[in-house]
Amino acid sequence: MDKAPEFLDAPPGAPRKVLQWVADVAAHTRPAHIHWCDGSDSEYRTMIQGMQGSGLLIELNQQTHPGCYLHRSNPSDVARVEHLTFVCTEQRDDAGPNNHWIAPDEARARMAGLFAECMRGRTMYVVPYCMGPLDSPYARCGIEITDSPYVVASMRLMTRMGAAALERIGRDGSFVRALHSTGELDPERRFIMHFPETLEIQSYGSGYGGNALLGKKCHALRIASWQARSEGWMAEHMLLVGVENPAGQTHYLACAFPSACGKTNLAMLLPPATMPGWKIWTLGDDIAWLHPGPDGRLWAINPEAGYFGVVPGTNAQTNRHAFEMIRHDTIFTNVAVTATGEPWWEGLETGVPAFDWQGRPYDPKNGPAAHPNSRFTVAARQNASYSPMADAAGGVPVSALVFGGRRRALAPLVYQSRDWNHGVLVGAGMASETTAAATGAIGVVRRDPMAMQPFTGYNFADYWAHWLAMGQRLARPPGIFHVNWFRRDAAGRFLWPGFGENLRVLDWIIQRCEGRGAAVDTPIGHVPTPDAIDCAGLGLDAGTMAELLAVRAPDWRQEMDEIGSYLAGYGARLPEELRRQHAAAVARLAGA
Ligand code: GTP
Ligand code: SPV
Ligand code: MN
């Protein structure tokens, strides 16, 4: 395509900077057509029809699941690829030991080679998107250029995409340049590169969510975390939820759990029958952007407008809101199908799979029918517990930040940090068992500070310093808590029923935020007294709650040693205050 910017078929009023970038990319990738996405319903329908024609989407049973389609990804392309994800800062230390790094020039050269003429014969889509409410001062925009219609349709569901975003880019003057091609889907030719200093993302060779929907982890966490530090806010891997008590008061909680550790489930929790009058309002299920407000509190928005959620395990008991919202107008990726064309997955508890996620006749010898990281993509408004506050330009005030992980032992059901700075240590010391959301071994405990190990676009030492600095700026900081729904007994069974019953724990957290709620002071923080969490009707054995809340000093001494070695890996850049918090925790445990 050797056309000047004026001939790119751009919508009138498209900003000059955008035209220039699109022209440059087109000259390099040589698409047959350019389509500027306007975000309309008719555009979405046309995209869906086109993908049905090309086989990228399979129509599911429209009687039972109207508007639902199945995408089968390449079997080598089913999760995030952390070993192929890079943060390319000029100085290696700015990316830190927590990121894979390549020098920007080298990364650019490598990616230029991959992108060269890669869109020949294909359509290049220009996808303007806004992360956050269009009228929010906290929102940030980007443009994804992609050759994948699946990405376009997904971005339409997941973000505020189209003409209004392009207009806002014109007003803002700056935007994140996010370039994507599915390429050959060859794992040997697959890279996800971030250039935070110039607000650029380049992703090649994958069509999977976190690698390809660049507004999500690449922009809203890796690039945004960098922007947030320089501008004085925070971009976190947190769900955002309003918890309304029977008196009608709503507290907002932002919770950071690693991938596939329960954010979507908690974000749309259905109160158990034993807690009448409680209500949960979903604002977000994966990412929160947090800003200090003039009132000294922390205010949060969800930059996304849809959910890219784990399918297996979803049913009317575990997550009824999700179960109902994905019965229509949903794109499924890598689930199984029944003989009558209905989507099927492990944990659905009705129907039988006829074809597995790869389209083969189902045979249990081949493993699960649905891929363990199969996903739904759906607009947030389809969720019955959707909070209208998700569209509030100024966001919502946060009462508590909650960290959590998947720990079969050690971490109690819930505890509260002593204060903000101790809370930063609690977050920095997080660890969790790995899941199917990323390629690699599953079930291995790894350090995952603030659930941000795969997502912080700069050196963790600087990130913790930023957390500490943010605390200084908050006259009324939220309480900081840690939860663990995944503690197990000797036989490997979960000790805590989880899901809707987690509201009992949120109740205690909110009580603590209001200065109520009984707790004992332990070396790791404030732990509920044995009867502080209402367990009426749960049928827990007498010893179970004690086990769930147990803090064993010898185990924690070992954990704190491991946290110490881990933090020491950040060398001289580690904030002194975090060192001090760690030393104080060690001292408390030594005396216990
Ligand atoms: P990402 O989208 O990867 O960031 O994941 P997420 O944190 O949103 O996790 P999600 O809510 O999708 O849950 C992942 C898995 O954990 C699912 O299989 C759930 O069924 C399971 N899960 C969620 N909450 C609980 C819980 O309270 N207890 C138990 N035992 N399992 C849970
Ligand atoms: C996660 O892995 O944390 C997800 C899915 O939320 S992805 O969008 O692939 O990152
Ligand atoms: Mn996530």
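This is a predicted model: local features need pLDDT of at least 70, side-chain atom pairs count only at pLDDT 80 or more; totals for chains, interfaces and linings use all residues.

Me: How many cavities of 30 Å³ or more does a search of the whole structure find?

Reply: A cavity is a space where a probe fits but cannot get out. The search finds two of 30 Å³ or more here.

Me: Which residues lie nearest the centre of the largest cavity?

Reply: Of its 18 lining residues, those are Y415, V426, G429, W556 and I563. Helices α11 (420-428), α15 (553-568) and α16 (576-590) each supply at least two lining residues; α15 gives the largest share, four. By class, the lining has 12 nonpolar, three polar and three charged residues.

Me: What lines the second largest cavity?

Reply: R80, V81, E82, T85, I192, G210, N211 and R222. They divide into two nonpolar, three polar and three charged.

Me: Which strands are at the edges of the five-stranded sheet?

Reply: Read the strand order, β2-β3-β18-β21-β17, in an open sheet with mixed pairing. The edge strands β2 (58-59) and β17 (306-310) each pair on one side only. β17 is antiparallel to β21 (375-379) over five bridges, and G309 has F376 of β21 as its bridge partner.

Me: Is T434 buried or exposed?

Reply: T434 is buried, because its relative accessible area of 17% is under the 20% cut-off. This residue lies in the loop between β24 (431-433) and β25 (445-447). Beyond its neighbours within four places in sequence, T434 contacts A441, I442, G443, V444 and R446.

Definitions and conventions
Residues are numbered from 1 along each chain as its sequence is written. Chains are lettered from A and ligands numbered from 1 in the order in which they are written. Side-chain values use heavy atoms; hydrogens and water are left out. Buried means under 20% relative accessible area, exposed over 50%, partly exposed in between (1.4 Å probe, protein chains only). Contact means heavy atoms within 4.5 Å. Two strands pair if DSSP finds at least two bridges between them. On a 1 Å grid over the protein atoms alone, a cavity is a set of points where a 1.4 Å probe fits but cannot get out, and a pocket is an open set with protein on both sides within 12 Å along at least five of seven lines; lining residues have an atom within 4 Å of a point. Grid points are joined across faces, edges and corners, and a volume is the space filled by probe spheres set on the points. Ala, Val, Leu, Ile, Met, Phe, Trp, Tyr, Cys and Pro count as nonpolar, Asp, Glu, Lys and Arg as charged, and the others, Gly among them, as polar.
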